[in-house]
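Please keep the sequence and the 3D view at hand while reading.

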Amino acid sequence: MQLVAAELVESREILPGQWLQAFHAPALTVGPRAGQFVHIRPGDFSGLILRRPFSFNTVDRASGQITIHYRAVGRGTDWFTRLRPGDSVDMLGPLGQPFEVDPHSRHLLLIAGGLGMAGVRMLADDALRAGREVTLLFGAASATEVYPSSLLPDEVEYVVATDDGSLGHRGYITDLVPEYEGWADQAFACGPVPMLAALARLAAGRGARLGIASLGRKPGRGSTRGSARGAPEPGSPAARRKAFLQVSMEQNMGCAVGACLGCVVMDAKGAPQRVCREGPVFASTELDWESGW
Amino acid sequence: MIGASPVDLSIELPRGLRLENPILVASGTFGYGIEYSDVVDIQRLGAICCKGTTLRPRVGNITPRVTETPAGMLNSIGLQNPGVDAVIRKYGPTWTGWQVPVIVNVAGESIEDYVEVASRLDGVPGVAGIELNISCPNVGKGGLQFAIDAEAAGAVTAAVRAVTELPLLVKLSPNVADVRPIARAIEAAGADAITAINTLSGIAVGPGRRRPLLGNVYGGLSGPAIKPVALRIVYEVAQVVDIPIIAIGGVAELGDVLDFMAVGAIAVQVGTVLFADPTLPVRLVEQLTDECRRLGLDSYLPLVGTALPKRSSPLSAPSSKGVEYRP
């Protein structure tokens with residue numbers, strides 16, 4: 001984690017109200033992993049006193065640039081849209097736990113709902129670079145909110161669903177997951193909580209549907225506490241690596257370093273976990289989806 | 001020339017609580033001191049007030065727990081913490097190795113809770129003091145009720161005083177009609193210092209205006225928005241107690257530190273603004289040093305109490321109780 005002055009290089013409204021911004025921040029292009037985020041300070045300090053968290057959307061070490069993708073939804077994000085090339089902002093990062101890809105996984109299924117694209121976008125780049133195959137399922141309300149395929153690598157198989165059927169499958173993106181769950185070795189998702197909860201339920205039933213034991217769970221082991229020898233510690237990178245589905249969570253955030261305890265979600269044992277520190281990426285089985293947080 | 005003499009920002013609070021400088025970080029905004037250590041040289045802070053600690057573990061409130069408001073934020077964490085025993089076990093050894101004093105913020109639902117937590121902290125290496133949080137607005141039982149009644153505030157302070165030799169700070173709530181009788185009761189009960197203020201109770205409205213935004217409905221307002229309220233309370237309390245006052249409420253720049261000192265604070269805590277600007281406290285230490293040098297002072301103490309109605313600062317005043325409140 002470091003504090004870095006980042007200079008805006010380019011700013012584009014890629015969809016109505018949705019912005020893609022590139023910043024020159026060489027120090028942040030070394031080390032960050034897909035799923036991690038930066039906490040950026042709005043400069044208008046008179047009214048806006050909290051930083052805003054953004055996933056690393058893309059990271060390019062050669063040019064020293066990172067990009068963020070967001071929707072302008074309030075005074076803070078509006079402020080960011082008014083930045084001009086050459087303007088500098090203060091970034092704190094990289095923060096949080098990244099996605100963990102099992103070395104044996106060849107086929108990655110990425111699932112994004114709306115702005116959730118920003119949460120999984122970098123993983124597509126990383127996976128392709130590592131020689132993996134990537135299918136990206138993307139859901140939005142209508143065609144006007146569909147992430148442009150021109151902003152994705154050509155090698156990604158891009159499948160779209162819209163609620164109103166104006167582009168791609170008519171309905172939820174989760175409808176399409178069963179078609180791909182046999183192909184996918186692992187799945188990674190970011191989007192609205194109802195979508196993630198539906199995916200978690202699908203993932204829980206996957207083993208039975210496909211007639212396979214779910215990854216990382218050896219039948220016959222009695223302990224449910226995760227402490228059995230060989231079973232990875234819940235919340236650990238190894239536990240995520242062994243999970244079929246990893247989700248990137250969102251929550252109102254204060255400090256983003258684990259100090260204020262503002263951004264928790266409840267885990268399966270009823271203990272609060274900080275989205276900024278233990279997350280934002282969790283194995284889907286680690287969270288209590290019924291808790292309402 | 002006087003301006004060339006070295007500036008000493010250190011202060012000695014009662015019971016041997018020595019701070020290298022008067023810039024502290026506030027409870028609930030700095031975790032247990034370790035969270036920001038990648039970007040903040042924590043040993044240069046005056047002290048660290050850790051997250052509110054209770055007898056038993058607390059999972060805290062449902063989310064959303066925080067939201068930004070104009071020049072401030074509302075929080076409703078609900079005192080999530082692992083309980084005093086876990087805090088001592090997990091962080092005590094680390095704190096022992098630190099130069100910066102760690103003051104453990106203590107919260108509870110009953111006098112017995114406060115007493116038990118305080119006695120478990122007494123004598124623990126690495127614990128430099130206790131800040132009694134009798135004013136947390138975000139828990140159902142206890143918490144705030146001790147801060148809104150002078151008799152209850154005095155009772156809990158006296159009970160804790162009886163079981164610990166640790167320096168004892170008591171944090172005032174602004175959510176009262178008149179804070180002065182409460183401050184006097186706390187002083188009379190044996191507190192070593194007063195911290196003022198905790199957050200102001202408030203709410204925000206959620207998306208679609210269908211319900212309040214925070215999961216707990218009520219939250220505590222903090223940040224620059226509350227600075228005038230904090231200034232007023234420090235100003236009032238400074239005129240009725242002799243024990244040192246540590247001010248908290250929206251400190252964002254050196255001018256805020258100097259303002260709080262002018263109304264009688266011997267030290268300040270930086271809180272919410274840390275989230276935007278984690279290196280602020282260390283910069284304030286440097287800027288306060290520079291300011292003293294500019295004024296030709298070798299200590300900042302002459303800056304304390306300059307805006308109070310009486311002629312001298314609370315530190316140098318003998319034992320005057322100041323101006324009595326007459327409604």
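## A residue in a strand

A:Thr135 is part of strand β9 of chain A. The model shown here is predicted. Is A:Thr135 buried or exposed? A:Thr135 has 20 other C-beta atoms within 10 Å, and a residue counts as buried when that number is 20 or more, so A:Thr135 is buried.

Which residues does A:Thr135 touch, once its neighbours within four places in sequence are set aside? The contacts are A:Leu109, A:Glu157, A:Val159 and A:Tyr180. A:Leu109 lies 26 residues from A:Thr135 along the chain, yet 5.1 Å separates their C-alpha atoms.

## Strand β8 of chain A and its partners

β8(A) has another parallel partner, strand β12 of chain A (residues 186–190), with 5 bridges between the two. Here A:Ile111 has A:Ala189 in β12(A) as its bridge partner. β8(A) is mostly covered, with 6 of its 7 residues buried.

How many residues does α2(A) have? The helix has 13, and the distance from its first C-alpha to its last is 19 Å, close to the 18 Å expected at 1.5 Å a residue. Its buried residues include A:Met117, A:Val120, A:Met122 and A:Leu123. A:Arg121 is buried in α2(A) as well. After the helix comes A:Gly131, with a positive phi near 80 degrees.

## Two domains in chain A

According to the domain assignment, chain A has domain 1 (2–95) and domain 2 (107–215 + 226–286). The C-alpha centres of these two domains of chain A are 22 Å apart. Contacts between them involve 20 residues of domain 1 of chain A and 21 residues of domain 2 of chain A.

On the domain 1 side of this boundary in chain A, the elements that give two or more residues are β1 (2–15), β3 (37–41), β4 (52–55), β5 (58–60), β6 (65–71) and β7 (88–95) of chain A. Which element gives the most to that side? The answer is β6(A), with 3 residues. By class, the domain 1 side in chain A that touches domain 2 has 12 nonpolar, 6 polar and 2 charged residues.

## Where chains A and B touch

Between the chains, 31 residues of chain B are in contact with 27 residues of chain A. On the chain B side, β5 (66–69), β6 (72–75) and α7 (273–276) of chain B each supply at least two residues. The side of chain B that touches chain A divides into 15 nonpolar, 12 polar and 4 charged residues.

## A helix in chain B

Helix α3 of chain B covers residues 150–161, which is 12 residues. From first C-alpha to last it reaches 16 Å, close to the 16 Å expected at 1.5 Å a residue.

Which residues of α3(B) are buried? They are B:Ala150, B:Ala153, B:Gly154, B:Val156, B:Thr157, B:Val160 and B:Arg161.

Terms used. Residues numbered from 1 in each chain as written. Chains lettered and ligands numbered in written order. Predicted model: local features only at pLDDT ≥ 70, side-chain atom pairs only at ≥ 80, totals over all residues. Buried ≥ 20, exposed ≤ 12 C-beta atoms within 10 Å, placed from the backbone. Helix = DSSP H or I, 4+ residues; strand = E, 2+ residues; numbered from the N terminus. Pairing = 2+ DSSP bridges. Contact = placed C-beta atoms within 7 Å. Expected span 1.5 Å × (residues − 1). Domains from an automatic or database assignment. Nonpolar A, V, L, I, M, F, W, Y, C, P; charged D, E, K, R; others polar.
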